[in-house]
Each structure stands twice: as structure tokens, then as C-alpha cells.
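The following note sets out points for discussion on the fold of this chain. Please read it alongside the sequence and the model.

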Amino acid sequence: MKRLLCVFAHPDDESYGPGGTIARCARDGGDVFITMFTAGEAGTIGVSKTLPRDDLALMRRAEFAAACDALGVRGHRVLGAPDGGVSNVDATWAVGEILADIRRFKPHVAITFHRGGVSGHPDHIAVAGFLDRAIAEAGAGGPQACYEWGIPRRKSPLYQRPSLVPLDEHEIAAVVDIDDEAMERKLDAIRSHRTQIEFFVSLEQKFDYRAMSRPEHFARGRSRIAPAGAPVGDLFEGIEVD
Ligand SMILES: [Zn+2]
């Protein structure tokens, strides 16, 4: 069975990010596990602004669990790192937590946000760095490939977000087609994050999200497989599955 480990900073990164790829993998029989660094208690969207942080954390944990169900993700855990402060946590602890999931789950492939942070959020950047270190330390027992989700430069103006760090064309190592069923699951997952729904509404006001958020694009992170000449269409291409 194909095993995909996803490592993200905030509940909803899995849905707004490579949610279609995750849904496709799970739907096609893959086993997906998500390691989530924070409970998202520093959210600033909509109702998040007015809720006590503890209450928001509880709500977002529940929303994340519902999103995992929508995507077909079978296992997840929230590490409880401080939202907005992931770059300040002890790196040995952070890398060790990811390593523990790598050793237990034995993923063939890992994914996270692009090392530039996509939105530029320091938590995203920190998580990509911790995952890179964990894969390096895992060596032959770790994932054979790591892919970093991002938004191609040609699509980045749609988001109207100056902090956005896009993927350059030459970085794109995987382009994953998202069929209608996987897209519906991604949208269901996005809607599961009820406290964050204003973000989705704002994107829909800017462009046709259903059409423009697919296919999903990835750069390649630390990997033991030889890079393909052209972008792969499936993150398990070239991977030996035991
Ligand atoms: Zn995030």
C-alpha cells in the first residue's frame, strides 16, 4: 500500500494546499497520515478573531478531524506547537516528532508546503525545514521522495497577496491532475474548516477556485530517487512500494 506522510503547520493547510492530491491518493487506496504542528489557535479569519484561543484551538482540532474524514485521511495527530511560533520551538523536538511518525508510519513519500512558505508564513517555512532535517536523519528508513506544494508563478497574481512566494517554472517537479471527485472532496474538506470559511469566500470572489486551484503543483524536496526529466503526474512515480 502506498503511504503518504503530510506535515503541515496549521489545520486547513492540508485542505487549501494539496488537498486534491491527498484526496486522490486516499481514494485510490493509499494510506495517508498527517502530522500537524499547531492547533491553529492564532487564527485571524472571521470568527477566529473573537474567540478565546483555547476555544478556537478545540474548534480547529475538530474541524481538522472532519477535514481528514472528507479527504479520506486515516490518521493524524496535532503536536500542539504554538501557532505563529513554530520557528521558535526546539528544533530537536520538532525533528524528533516527525522522525517518530516516519519510523512508525514508514511513508514512501512525504509532502509539505514549499520551503519558501507559499503565503510566506514563518510557520510554513519552519515546518518545511524540520521535515527536510527529519528525512535527512531518517536516511534509508525514510521517505524516498519529498514534494513541496506551491502555487506556480503564473497563477500567483490571482491570489492578490504580496507576501506570496510562488513556485518558479523550473522548480516544478510534479503536476498532479485533480479529477472532479477529488476536487469535491477537497472542497468538502475546506468547508469543514468553518471558522476559516471567510478565506475561501475571499478566494472565490477573486477567481474560480474550482477551476484555477487544479492541477496541483509541487517542487521536489530531499529525495533519494533520480529526478525525472519532466514533471511527474503522480507523486509515487519512480517510487518502490513494498
Ligand atoms: Zn498555514
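Which residue of strand 3 does Met36 stand opposite? Met36 stands opposite Val78.

This is a predicted model, in which local features need pLDDT of at least 70 and side-chain atom pairs count only at pLDDT 80 or more, while totals for chains, interfaces and linings use all residues. Residues are numbered from 1 along each chain as its sequence is written.

1. An open sheet of 7 strands has the order 3-2-1-4-5-7-6, with mixed pairing. Its edge strands, strand 3 (75-81) and strand 6, each pair on one side only. Neighbouring strands are turned by 25° against each other on average, direction ignored. Strands (E, at least two residues) and helices (H or I, at least four) are DSSP runs numbered from the N terminus, and two strands pair if DSSP finds at least two bridges between them.

2. Parallel pairing. Strand 1 and strand 2 pair in the parallel sense over 6 bridges, with Met36 in strand 2 as the bridge partner of Phe8. Strand 2 pairs with strand 3, also parallel, over 5 bridges. Strand 4 is joined in turn to strand 5 by 5 bridges in a parallel arrangement, where Ala110 stands opposite Cys146.

3. Antiparallel pairing. Strand 6 and strand 7 (residues 216-220) run antiparallel and are joined by 4 bridges. Here Ala174 has Phe218 of strand 7 as its bridge partner.

4. Burial of the strands. A residue is buried if 20 or more other C-beta atoms lie within 10 Å of its own, exposed if 12 or fewer, and partly exposed in between, with C-beta atoms placed from the backbone. Strand 2 is largely enclosed by the rest of the structure, because 7 of its 8 residues are buried. In strand 4 (residues 109-113), 5 of 5 residues are buried.

5. Helix 4. Helix 4 (residues 91-105) packs on the sheet, touching strand 1 (3-8), strand 2 (31-38) and strand 3. Its direction makes about 170° with that of strand 1; axes are lines fitted to C-alpha atoms, for helices over the stretch in contact, and angles run from 0 to 180 degrees between N-to-C directions. Ala94, Val95, Glu97, Ile98, Asp101 and Ile102 are buried in helix 4. These residues lie on the same side of the helix, because they cover an arc of only 155° around the axis, taken from the directions from the helix axis to the C-beta atoms. The face turned away from the buried side carries the exposed residues Thr92, Trp93, Arg103 and Arg104. Lys106, which follows helix 4, has a positive phi near 50°.

6. The core. The largest nonpolar core has 59 residues, and those with the most contacts inside it are Cys6, Phe8, Val32, Leu71, Val127, Leu131 and Tyr147. Helix 5 (residues 122-138) gives the most to this core, with 8 residues. Such a core is a set of buried Ala, Val, Leu, Ile, Met, Phe, Trp, Tyr and Cys residues joined through C-beta atoms within 7 Å. Leaving aside neighbours within four places in sequence, Val127 is in contact (C-beta atoms, placed from the backbone, within 7 Å) with Val7, Phe8, Ala9, Phe37, Val86, Thr112 and Phe113.

7. An exposed loop residue. Pro157 is found in the loop between strand 5 (145-150) and strand 6 (172-176). Pro157 counts as exposed because it has 12 C-beta neighbours inside 10 Å.

Conventions
Contact = placed C-beta atoms within 7 Å.
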